[in-house]
Amino acid sequence: MGEGQPLKVAVLGCGVVGSEVVRLLTTQSGDLAARVGRPLELAGVAVRRLDAPRDVEVPEGLLTTDAAGLVARDDVDLVVEVIGGLEPARGLILSAIEHGASVVTANKALLAEDGPTLYEAAEKAGVDLYYEAAVAGAIPIVRPLRESLAGDRVTRVLGIMNGTTNYILDKMDSSGAGFADALAEAQDLGYAEADPTADVEGFDAAAKAAIVASLAFHSRVTANDVHREGITDVTAADVRSAEEMGCVVKLLAICELRDGVEGEPGGEAVSVRVHPAMIPRTHPLAGVREAYNAVFVESEAAGQLMFYGPGAGGAPTASAVLGDLVTVARHQVLGARGAGESSYAERAVLPMGEARTRYHVALDVDDRAGVLATVAQVFAEHGVSIQTVKQEGRDDDAQLVVVSHWATDAQLSATVSQLADLDIVREVTSVMRVEGGEE
Ligand code: HSE
């Protein structure tokens with residue numbers, strides 16, 4: 001088993017993930033050969049600096065700074081791209097594909113921005129493009145959506161797809177800390193980067209949401225199509241308010257198939273958004289703690305599925321990369337190809353205003369006759385039905401907490417804008433969407 005001419009693997013990048021990929025390729029070579037049907041041989045590892053400290057010993061003579069030369073080599077069969085970012089990754093992947101190599105990448109930003117270009121190049125060249133590691137690290141979610149659920153109709157995906165923000169929100173929930181303190185702790189422990197923008201502003205989760213929505217709904221969704229809000233404005237008061245409602249605050253990636261949409265072919269369109277939201281503590285995603293990720297999938301035949309695990313880190317991400325590598329290598333041995341892009345449904349992406357959700361709104365108001373009626377009237381004027389109202393006295397003021405029934409985001413945000421302009425409203429102290437239920 002696993003004999004014959006080796007398949008040659010080029011690895012682009014030897015950072016946290018790349019060094020684990022190289023380590024697994026060398027230490028598990030026997031098992032990998034048996035699983036592929038031929039040995040996998042490291043052809044080269046492209047790095048920016050030859051003398052940079054790294055966590056793995058790369059075999060003599062295999063390190064190179066000439067990534068372009070490495071991917072263009074005739075003897076390279078498989079290319080693993082773990083550099084990240086748009087360029088030079090895009091050019092290197094396209095060159096690898098043009099030279100006939102199958103590609104395994106963890107590059108969510110590139111796939112979310114320009115996935116169709118990569119898919120088209122792979123299709124033309126007759127090679128594989130696999131990217132399990134681009135979404136939620138070690139968690140198998142790309143393969144389930146692309147293959148296991150290919151016979152089903154996925155209707156919704158709710159995901160905690162960013163570990164840094166989940167760690168911060170979990171800390172805020174368990175300790176009552178504010179955002180800044182929880183972020184500082186996440187940075188001290190190495191969960192958050194020194195520049196945490198990509199995580200805390202939701203860019204990372206939005207890229208993953210675009211990839212997941214494209215797969216789930218067989219349509220092209222790019223990062224630009226995803227409505228994105230980060231967690232920097234989430235306050236300790238929001239988290240406490242959620243707790244009082246039996247909820248927890250999470251940064252959710254929400255991908256929904258919407259039917260009955262006027263003016264769309266077949267009446268269907270998709271809604272894709274990333275924002276903080278309250279979800280009931282009884283929802284399976286509420287129990288996802290610390291820096292873990294989880295993806296909750298709802299489909300017509302399978303029902304509800306949840307995929308859970310580490311969404312980042314060298315070894316977990318390398319596990320997903322190696323899984324893809326074995327698959328695409330096996331395809332080469334068999335002279336086969338795996339699934340390509342499936343965007344036949346061509347569903348449009350709805351603007352955020354048309355997303356349907358519920359709102360939790362906390363207001364500091366004057367405590368006098370007619371205030372509650374006036375607030376309720378504003379909700380009614382925008383066609384938003386109120387589910388619950390809670391009032392608490394505060395010296396001469398009162399705090400009102402209103403939770404709405406389902407409405408469009410446009411109706412809800414117009415309601416909040418009008419409330420904020422009322423003389424009787426001192427301040428709108430918290431506005432957060434409430435997710436995880438059924439309309
Ligand atoms: N920075 C990401 C996270 C991992 O915190 O989950 C890579 O996408």
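Start with the second largest pocket, which holds about 390 Å³ of space. A pocket here is an open set of points on a 1 Å grid over the protein atoms alone, where a 1.4 Å probe fits, with protein on both sides within 12 Å along at least five of seven lines; its volume is the space filled by probe spheres set on the points.

This is a predicted model, in which local features need pLDDT of at least 70 and side-chain atom pairs pLDDT 80 or more, while totals for chains, interfaces and linings use all residues. Residues are numbered from 1 along each chain, and side-chain values use heavy atoms, without hydrogens and water.

The largest share of the lining, three residues, comes from β9. By type, the lining has ten charged residues (Asp, Glu, Lys, Arg), two nonpolar (Ala, Val, Leu, Ile, Met, Phe, Trp, Tyr, Cys, Pro) and two polar (the others, Gly among them).

Next, select 163-175, helix α7 (a DSSP run of H or I, at least four residues). Ten of its 13 residues are buried, meaning under 20% relative accessible area with a 1.4 Å probe, protein chains only. Tyr167, Ile168 and Leu169 are among them. The buried residues of α7 pack against β7, α8, α9, α11, β9 and β11.

Finish at the helix ends. Asn162 caps the N-terminal end of α7, with a side-chain oxygen 3.3 Å from the backbone nitrogen of Thr164. After α7 comes Gly176, with a positive phi near 80°.

How values were computed. 1 Å grid on protein atoms, 1.4 Å probe; cavity = no way out; pocket = protein on both sides within 12 Å on 5 of 7 lines; lining within 4 Å. Helix = DSSP H or I, 4+ residues; strand = E, 2+ residues; numbered from the N terminus. Buried < 20%, exposed > 50% of the residue type's maximum accessible area, 1.4 Å probe, protein only. Contact = heavy atoms within 4.5 Å. Polar contact = N/O pair within 3.5 Å; in protein donor to acceptor, adjacent residues only side chain to side chain.
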